[in-house]
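Trainee: Can we go through this model together? I'd like to start with the strands.

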Amino acid sequence: MVGHSRLGNTALLTGAFDERFAITISNNSGAGGAALFKTKEGEHTAYMINTIPYWFCNNYKKYYNAEDKMEFDQHFLLSLIAPRALYVASSVEDTWSDPNAEYQSISLAGEVYEKVYGMDSLYNEKMPELESPVIKGNVGYHIRNGKHNILRSDWMRFMDFADKVYSK
């Protein structure tokens, strides 16, 4: 399953709770998706609560401008996809989605792949360079030049990931 932006959030949530999906791909999903909230870049809880309150339960309001008080972060969601295939994609000009926070999240989620399932992942790996996709085990990531969109080049990398993961 592949999703971009808000549908990237949807893809991650569905991938976490529906094991019928063997592969989950999130493209520029940002806050509420792959990006960590506690990094204070990109979208903040205050903005999200004010503009899209229907995305979250009422209990979420207690984190209004208080991300540092969260007992969780988005890598928990990504971890629920393990041991199935997970790919996150970012674009360097999409600062609203916060590529650094998206990468930190998939890296942290890799701890579950490694420590629970004994699989390779991006856990504690340095963020890759632009246009240099990285795949380890069932986890992959790339950051490309460009803005908040999904391009043919993204699709090609998603297909390369699926080929690599399922050609074992």
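Mentor: Start at isoleucine 135, which stands opposite glycine 140 in E5. Strands here are DSSP runs of E with at least two residues, numbered from the N terminus, and helices are runs of H or I with at least four. This is a predicted model, where local features need pLDDT of at least 70, side-chain atom pairs count only at pLDDT 80 or more, and totals for chains, interfaces and linings use all residues. Residues are numbered from 1 along each chain as its sequence is written, and side-chain values use heavy atoms, with hydrogens and water left out.

Trainee: How many bridges join E4 to E5?

Mentor: Three, and the two strands run antiparallel. Strands count as paired if DSSP finds at least two bridges between them. E4 and E5 form a hairpin with two residues between them, and glycine 137 in the turn has a positive phi of about 60 degrees.

Trainee: And in what sense do E3 and E5 pair?

Mentor: Parallel, over six bridges. Serine 91 stands opposite arginine 144 in E5.

Trainee: Why is E5 largely enclosed?

Mentor: Because six of its six residues are buried, meaning under 20% relative accessible area with a 1.4 Å probe, protein chains only (exposed is over 50%, partly exposed in between). Val139, Tyr141 and Ile143 are on one side, with Gly140, His142 and Arg144 on the other.

Trainee: New topic: what is tyrosine 141 in contact with?

Mentor: Leaving aside neighbours within four places in sequence, its contacts (heavy atoms within 4.5 Å) include Tyr87, Val88, Ile106 and Pro133.
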